[in-house]
Amino acid sequence: MKMIIAIVQSKDSNRLRKAFNKADIHVTQLSTTGGFLREGNATFLIGIEDERVQEVLSVIKKNAESREQYVTSQMHMDVEGGSAFPVNVKIGGATVFVLPVKDFIKF
């Protein structure tokens, strides 16, 4: 058995949760605000049998989009007046951890 922890941007969480439901993958979702660029995140906790790990990873990959966004950088000041300028950053996608489960106990 494995524990999969997937952190995705909030924009993708509804689509991802629906895809998990369609694939009969049971998840626990935790939502947070803030973080990089002050965007919200959703963390999915998934306990799954070893033989279904690739299926879960496939669902995540198909439903958590990476996208580019321009943000105003406060750290990069131009020499003339100290004003900020836009920086193109890649956001979204998913950060995923696949961890072995030592014990699975259900009360």
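Trainee: In this predicted model, are Phe20 and Phe44 buried or exposed?

Mentor: Good place to start! The cut-off for buried is under 20% relative accessible area. Phe20 falls in that class, and Phe44 does too, so the word for both is buried.

Trainee: How many aromatic pairs does the structure hold, and which geometry applies?

Mentor: The structure holds one aromatic pair. The ring centres of Phe20 and Phe44 are 5.5 Å apart, and their planes stand at 65°. Planes over 60 degrees apart count as edge-to-face, so this pair is edge-to-face.

Trainee: Which parts of the chain does the pair link?

Mentor: Phe20 sits in helix 1, residues 10–22. Its partner Phe44 is 24 residues away. The pair therefore links helix 1 to strand 3, residues 41–48.

Trainee: At what angle do helix 1 and helix 2 pack?

Mentor: Happy to walk you through that. Helix 1 passes helix 2 in a right-handed crossing. Their axes are 9 Å apart, and the angle is about 145°.

Trainee: Which residues of helix 2 make the contact with helix 1?

Mentor: By class, this contact has six nonpolar, one polar and two charged residues. Helix 1 brings Asp12, Arg15, Leu16, Ala19 and Phe20. From helix 2 come Val56, Val59, Ile60 and Asn63.

Trainee: Is Asn63 buried or exposed, and what is its relative accessible area?

Mentor: Asn63 belongs to helix 2, residues 53–63. Leaving aside neighbours within four places in sequence, Asn63 is in contact with Asp12, Arg15, Leu16 and Ala19. Asn63 is buried, with a relative accessible area of 12%.

Conventions: Residues are numbered from 1 along each chain as its sequence is written. This is a predicted model: local features need pLDDT of at least 70, side-chain atom pairs count only at pLDDT 80 or more; totals for chains, interfaces and linings use all residues. Side-chain values use heavy atoms; hydrogens and water are left out. Helices (H or I, at least four residues) and strands (E, at least two) are DSSP runs, numbered from the N terminus. Buried means under 20% relative accessible area, exposed over 50%, partly exposed in between (1.4 Å probe, protein chains only). Contact means heavy atoms within 4.5 Å. Rings of Phe, Tyr and Trp (its six-membered ring) pair if their centres lie within 6.5 Å; planes under 30 degrees apart count as stacked, over 60 as edge-to-face and the rest as tilted. Axes are lines fitted to C-alpha atoms, for helices over the stretch in contact, and angles run from 0 to 180 degrees between N-to-C directions. A crossing is left-handed if the near helix is turned anticlockwise from the far one by less than a right angle, and right-handed if clockwise. Ala, Val, Leu, Ile, Met, Phe, Trp, Tyr, Cys and Pro count as nonpolar, Asp, Glu, Lys and Arg as charged, and the others, Gly among them, as polar.
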